[in-house]
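Work through the exercises below with the sequence and the model at hand. Try each task before reading its solution.

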Amino acid sequence: MSIVSPQEAERPLIIALDLGTSSARAVVYDVLGRLVSGVGGRVEYRMATTQDGGVEMDAEELLDILCTVIDELLREASASLPDLATALCGVACCTFWHSLIGIGADGRAVTPLYNWNDTRSANDAAALAASPGAEWLHTQTGARPHASYYPAKIRWLRRTRPHLIARIARWASIGEYFYERLFGKAVCSVSMASGTGLFNPNSREWDAEVLKRLEIGPERLSPLAPAHEAMVGLRKQFAERWPVLKDIPWVPAIGDGAASNIGSGCTTAERVAINVGTSGAMRVCWKADAVSIPAGLWCYLADQDHFVMGGALSNGGDVFAW
């Protein structure tokens with residue numbers, strides 16, 4: 001990665017937000033894709049765990065952390081990048097895939113955020129593998145029945161948390177929830193949708209047949225963001241908090257694994273990205289109209305044009321920390 005000083009950075013500039021499993025970060029890149037040094041924000045956190053395999057966090061707490069990171073970046077930028085208001089052309093965001101939040105009719109979280117490594121729905125994933133079937137679900141969605149994905153999590157919540165289910169109007173990822181709070185509008189990028197287990201990566205749509213078999217109405221999911229759509233016009237409280245960002249386009253969040261491939265230049269079928277973070281993964285990202293999904297690999301999207309395929313093992317980052 002190339003790093004430049006604020007004075008050397010080529011305008012225009014982009015703010016990049018990254019919400020990971022253990023920290024949230026905000027940095028600035030110039031138009032040549034170089035990291036601008038000395039301008040950024042970072043907050044570390046730890047999700048709550050339970051003895052039965054739960055990994056969760058209060059969605060409002062995570063929202064506050066993201067906002068704090070942006071505050072920190074803008075404080076540093078006021079000294080290092082006094083021209084940020086005129087130089088800034090957009091805000092980009094990536095978050096961890098597979099997070100699930102149940103949202104009420106008022107747009108507020110009803111449930112905690114259930115993280116991708118929450119295993120409490122493992123038995124429900126096994127039941128889904130039997131019916132409607134592991135191979136069928138994998139072929140349709142690029143995701144095998146697994147505790148990480150929405151089908152097993154929603155089935156587990158129906159079985160164990162009926163009092164919450166009755167209050168839930170929609171299911172969403174943390175990226176959708178963050179943007180809905182910022183702009184008052186719910187949209188889901190195809191990248192985030194592709195990591196749910198409810199989306200068909202070849203048709204680029206919520207999979208109607210999968211939703212029907214799992215008894216999840218499409219109205220319970222966020223509308224998909226059109227290709228290249230950006231959101232503009234922060235709600236009053238956030239426009240007043242970040243005046244420099246209020247009329248800047250924000251690109252809907254994409255999966256952090258896809259962003260990892262893009263950031264490392266691995267966006268063709270000839271290059272493989274290997275990442276050792278909270279999980280360890282190998283991913284190939286390439287442009288195609290449609291793909292045949294091999295057994296044993298998951299298949300998501302980076303955007304409307306680029307597939308992301310690979311496999312992962314958990315706890316790579318934990319080994320390093322230990």
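**Exercise 1.** Leaving aside neighbours within four places in sequence, which residues is Leu245 in contact with?

*Solution.* The model is a predicted one. Set aside the neighbours of Leu245 within four places in sequence; the contacts that remain are Ile15, Ile70, Leu74, Leu88, Val91, Leu234 and Trp250.

**Exercise 2.** Describe how helices H3 and H4 cross, and list the residues that make the contact.

*Solution.* Start with the axes: those of H3 (residues 122–141) and H4 (residues 150–160) come within 8 Å and cross at roughly 115°. Angles of 65 to 115 degrees count as roughly perpendicular, so H3 is roughly perpendicular to H4. The crossing is right-handed. H3 contributes Asp124, Ala125, Ala127 and Leu128 to the contact, and H4 contributes Pro151, Ala152, Arg155, Trp156 and Arg159. Sorted by class, six of these residues are nonpolar, three are charged and none is polar.

**Exercise 3.** Which residues of H4 are buried, and what do they pack against?

*Solution.* Apply the cut-off for buried, under 20% relative accessible area. In H4 this gives Tyr150, Pro151, Ala152, Lys153, Ile154, Trp156 and Leu157. Their packing partners include H3, helix H6 (174–183), helix H8 (208–214) and strand E10 (170–172).

Definitions and conventions
Residues are numbered from 1 along each chain as its sequence is written. This is a predicted model: local features need pLDDT of at least 70, side-chain atom pairs count only at pLDDT 80 or more; totals for chains, interfaces and linings use all residues. Side-chain values use heavy atoms; hydrogens and water are left out. Contact means heavy atoms within 4.5 Å. Axes are lines fitted to C-alpha atoms, for helices over the stretch in contact, and angles run from 0 to 180 degrees between N-to-C directions. Helices (H or I, at least four residues) and strands (E, at least two) are DSSP runs, numbered from the N terminus. Angles under 35 degrees count as roughly parallel, over 145 as roughly antiparallel, 65 to 115 as roughly perpendicular and the rest as oblique. A crossing is left-handed if the near helix is turned anticlockwise from the far one by less than a right angle, and right-handed if clockwise. Ala, Val, Leu, Ile, Met, Phe, Trp, Tyr, Cys and Pro count as nonpolar, Asp, Glu, Lys and Arg as charged, and the others, Gly among them, as polar. Buried means under 20% relative accessible area, exposed over 50%, partly exposed in between (1.4 Å probe, protein chains only).
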